[in-house]
Amino acid sequence: MTKRRPLIAFDQSACGAGRSHADALRDTLTLAQQCEQQGYHRFWVSEHHNNGAIVGSAPEVMLGALSVLTGRMRIGAAGILLPFYAPFKVAEQFRVLEALAPGRIDLGLGRSPGGDPQIFSVLNPQGSSAREGFEAKVRELLGWLRDDRSVMPEDAHRIDALPRNPGCALPWMLVTSVDGARTAGGLGLPMCFNYSAEQSRGIEEQAFAAYRAAFMAGAHLDAPYTALMFFALAADTAEQARYLFSSRALWRIRLDEGVRAPIEPPALAHAHSLMRGREARIAQQLEINLVGDAGELARRIGEVADRVGADEIGLTNWAYHLEDRVHSHRLLAQRLG
């Protein structure tokens, strides 16, 4: 039997055609409350830009709302795209969140612009996603979070990051590569590996091994700690799950052609002309996006998590209707959590 692990629900505020962006953000808040009732250990929200289907552009703002609407589970960003921002400002934002929800804040850190490199020139013209610069920013951020003056810029010794709290947000590294895993280990931070990213395909065992080999204990962790994130859309039957996935499949086909559009209802997506002749592309999506009945998905997720020795399991899904997303999380929580 698969080991039971704490569960993370991760939501990207997917927006459906014909619905407002405000509706998508409110759905995320409702989903978080539902996941807390279902026993999820963490609920994370994303940062994406310039994508009409993913409207969660400001996770720190969403977390402020979630700090009031939830009371038990940890809440966090997955993640803050640190190359865009000053570490001091990110530290201040997450110090505020820690004051609002003490002991419940996670700070996931990412390096990628989410498939849109043009965002760099808009958010931070001087920014760079080079790994060396990213690691330096992470180290500075950790210093501001912990009041560790030894890693702060020399001219910052008279500056205090406020508010002061007894504890601080828990930083995580979000990775999709072996190099990223190695960075997470070297920084002594927990790692969340995205199994369902296209660039992550087939490298999960290498990444987990690299993380553990590079791990250096520090202020946040004494030993390696990992999570494994899956796109997992479950329904009562495999056929129903595949039908619901049509919305995501059509979105991905459009994205391949440079079209960033909201997701369509499954009835429209399933019958859309763009879906004809794209069976190979859809099958490729289904290699990394797990779609089916909950029992089969739980078995597949458990096998991968057992193989790499993940400590927690993360689950995300897209469906046009909120109730289908809630139902998927509920079904998988019953079998995995």
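Me: What makes the pair formed by the side chain of Ser200 and the backbone oxygen of Asn194 a polar contact?
Reply: In this predicted model, a polar atom of the Ser200 side chain lies 2.7 Å from the backbone oxygen of Asn194, and the limit for a polar contact is 3.5 Å between N or O atoms, one able to donate a hydrogen and the other to accept it, so the distance falls within the cut-off. Ser200 itself sits in the loop between strand E6 (191-194) and helix H7 (204-214), where, not counting residues up to four places away in sequence, Ser200 touches Thr176, Phe193, Asn194 and Tyr195.

Me: Why is Ser200 called buried?
Reply: The relative accessibility of Ser200 is 0%, and buried means under 20%, so the label applies.

Me: How do you know whether His329 is buried or exposed?
Reply: His329 has a relative accessible area of 1%, which is under the 20% cut-off, and therefore His329 is buried. The residue belongs to helix H12 (residues 322-336), and, leaving aside neighbours within four places in sequence, the contacts of His329 include Ala9, Leu31, Cys35, Tyr40 and Leu315.

Me: What makes the backbone of Asp147 worth a remark, and how is its accessibility classed?
Reply: Most residues other than glycine have a negative phi. Asp147, in the loop between H5 and E5, has a phi near 55 degrees, a positive value in a residue other than glycine. At 40% relative accessibility, Asp147 lies between the 20% and 50% limits and so counts as partly exposed. Asn50, in the loop between strand E2 (42-45) and helix H2 (59-69), also has a positive phi, of about 60 degrees, although it is not a glycine.

Me: Which peptide bonds are named as cis, and what are their omega values?
Reply: Most peptide bonds are trans. The bond from Ala78 to Gly79 is cis, with omega near -5 degrees, and Gly79 is in strand E3 (residues 74-81). The bond from Leu162 to Pro163 is likewise cis, with omega near 0 degrees, and Pro163 lies in the loop between helix H5 (131-146) and strand E5 (170-175).

Me: Why is the protein chain said to be as compact as a globular protein of its length?
Reply: The protein chain has twelve helices and nine strands. Its radius of gyration is 19 Å, close to the 20 Å that the globule rule gives for 337 residues, so the protein chain is as compact as a globular protein of that length. Of the 337 residues, 54% count as buried, and among contacts between residues at least 6 apart in sequence, 74% join residues at least 24 apart.

How values were computed: Residues are numbered from 1 along each chain as its sequence is written. This is a predicted model: local features need pLDDT of at least 70, side-chain atom pairs count only at pLDDT 80 or more; totals for chains, interfaces and linings use all residues. Side-chain values use heavy atoms; hydrogens and water are left out. Helices (H or I, at least four residues) and strands (E, at least two) are DSSP runs, numbered from the N terminus. The radius of gyration is taken over C-alpha atoms; the globule rule is 2.2 Å times the number of residues to the power 0.38. Buried means under 20% relative accessible area, exposed over 50%, partly exposed in between (1.4 Å probe, protein chains only). Contact means heavy atoms within 4.5 Å.
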